[in-house]
Amino acid sequence: MMRCSTRSVATWLMLLALTFAAGARAVVLEGVGHANIHNGDLEAARAEARKAAMRDLSLQYEARVSTRDTMENGVLTESRTHLASAVNARNVRIIDEYRNGNLLRVTVQGDVSAGAGQCAAGDAGRLRKRVAITGFPLLYPDQARVGRLDDAGEILPQQLQRRLVERGGFQVFAATTSRLFGDLLNAPTVQAGDNRLSNMSQLARELDAQFVVTGVIRDLGVADPSAWGTSVLDGLQRGLGTVDQSRRFAVDLVVFDGFSGAPVYQQRFETAAEWNAGPGSSTGFGSAGFQKTAYGQSVQALIGEMAGAVSEALACQPFMTRVARVDGHGVTLESGSTAGLRPGDELKLYRSKRYLEAPEATPELHDAGVSVTIDRVQPRESRGTMPQPGVMVNIQRDDIAILW
């Protein structure tokens with residue numbers, strides 16, 4: 001029989017309570033948005049109404065109102081009200097649409113939880129973590145023939161990169177031609193016995209990235225392939241709406257820690273919408289014709305949710321960087337002002353330990369019990385000092401500095 005100490009039981013109960021508390025923050029809400037239809041452009045109005053409905057979702061979940069009044073000699077001279085909401089919405093779908101003349105009303109439903117702005121990440125919250133985004137290969141390339149979407153594996157991560165850059169807080173690098181998975185059908189569940197990818201760690205080292213974002217496009221097939229024939233009858237049926245013109249989109253998103261190779265976040269994102277592209281109007285995943293379709297707009301909204309999920313998953317992660325050089329009391333780190341480091345910052349040092357019997361295994365990190373205080377900062381590196389010489393605490397190149 002396995003025996004547990006009182007401390008182990010208490011720790012386990014605390015972690016369990018935190019897990020349930022984190023899960024309880026997500027709620028299902030509905031939001032309503034309105035938009036005017038200009039020049040008969042229903043798709044543009046629908047996209048605008050959906051954005052308004054998303055804002056309504058956010059404000060329902062958690063809105064903060066702060067008012068600042070300025071008084072001079074007892075007289076109110078200025079009054080400002082600021083409304084902000086930091087939430088994350090997933091699995092958002094349109095559940096109702098109503099048109100009255102040129103006014104369109106859209107109702108959406110989604111799982112809403114606290115966003116990245118709610119994380120108390122300490123000093124690490126102001127630093128820009130380095131994130132590399134690889135290509136998202138297609139599991140079934142033949143599905144891309146309709147609409148010529150065979151470039152989806154490279155365009156999707158480029159769009160995800162742009163969304164993350166717009167959100168701020170990260171240094172994002174594209175490696176969209178890189179492919180990390182050899183077995184797409186089972187990816188990313190069968191990398192190795194410890195669920196790590198050695199080639200991912202190598203890529204992270206080459207790009208000096210703390211995290212690697214990757215994934216697989218599982219599905220972008222049309223519901224009824226026979227509906228997309230080139231005959232006159234096929235075109236007539238599509239025009240009359242007598243065939244199913246919907247199309248699916250599903251992608252597995254995974255975020256790996258670049259130092260250990262372990263996954264820190266994984267989720268499947270799915271959506272479906274009408275594929276209403278005319279013959280020859282769509283010439284790629286990022287083309288203007290694709291963007292105008294209801295399907296393209298639904299996919300774009302989903303990519304926005306993916307960017308939000310990555311941002312939220314990494315918000316509470318500590319900032320980590322490698323040691324480049326050690327010279328007596330001096331330590332040079334592979335991150336500088338572009339990451340947000342500044343003189344006076346104090347980072348804890350961890351030894352990166354490997355074992356002779358497993359030289360290819362992921363290194364283990366051991367607290368060296370010493371910190372480095374930054375005194376000089378350049379764009380791509382910084383220099384600091386530690387109380388003891390490096391030889392006394394065995395700190396050397398490729399060890400890790402961490403700021404929580």
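Predicted model: local features only at pLDDT ≥ 70, side-chain atom pairs only at ≥ 80, totals over all residues.
Barrel, open sheet and cavity

Q: Over how many bridges do S11 and S16 pair?
A: Two strands count as paired if DSSP finds at least two bridges between them, and in the pairing of these two strands Arg322 stands opposite Ile400, while Met320 stands opposite Ile402. S11 and S16 (residues 400-403) pair in the antiparallel sense, and the number of bridges is 4.

Q: Which residue of S16 is the bridge partner of Lys348?
A: Strand S13 (residues 346-353) and S16 run antiparallel and are joined by 3 bridges. Within this pairing, the partner of Lys348 is Ile402.

Q: By how many degrees are neighbouring strands of the barrel turned against each other on average?
A: The closed barrel has 6 strands with antiparallel pairing, running S11-S12-S15-S14-S13-S16. Angles are taken between N-to-C directions and run from 0 to 180 degrees, with axes as lines fitted to C-alpha atoms, for helices over the stretch in contact.

Q: Which strands stand at the edges of the open sheet?
A: This sheet has 5 strands with mixed pairing, in the order S7-S6-S8-S9-S10. Each edge strand has a single partner strand, so one side of each is left without a neighbour in the sheet; these strands are S7 (170-175) and S10 (263-274).

Q: Across which strands does helix H7 lie?
A: H7 has 22 residues, of which 20 are buried, so the helix is largely enclosed by the rest of the structure. Its expected span, 1.5 Å times one less than its number of residues, is 32 Å, which agrees with the 32 Å between its end C-alpha atoms. H7 (residues 294-315) runs at about 165 degrees to S10, and the strands it lies across are S6, S7, S8, S9 and S10.

Q: Against which elements do the buried residues of H3 pack?
A: The buried residues of H3 include Ile155, Leu156, Leu160 and Leu164, and H3 (residues 152-167) runs at about 170 degrees to S7. With contact meaning heavy atoms within 4.5 Å, these buried residues pack against S6, S7, S8, S9, helix H6 (288-292) and H7.

Q: Which strand gives the most to the lining of the largest cavity?
A: A cavity is a set of points, on a 1 Å grid over the protein atoms alone, where a 1.4 Å probe fits but cannot get out, and lining residues have an atom within 4 Å of a point. Grid points are joined across faces, edges and corners, and a volume is the space filled by probe spheres set on the points; the largest cavity has about 50 Å³. Its lining includes Arg130, Phe319, Met320 and Thr321, and the strand giving the most, with 3 residues, is S11.

Technical notes. Residues numbered from 1 in each chain as written. Heavy atoms only, no water. Buried < 20%, exposed > 50% of the residue type's maximum accessible area, 1.4 Å probe, protein only. 1 Å grid on protein atoms, 1.4 Å probe; cavity = no way out; pocket = protein on both sides within 12 Å on 5 of 7 lines; lining within 4 Å.
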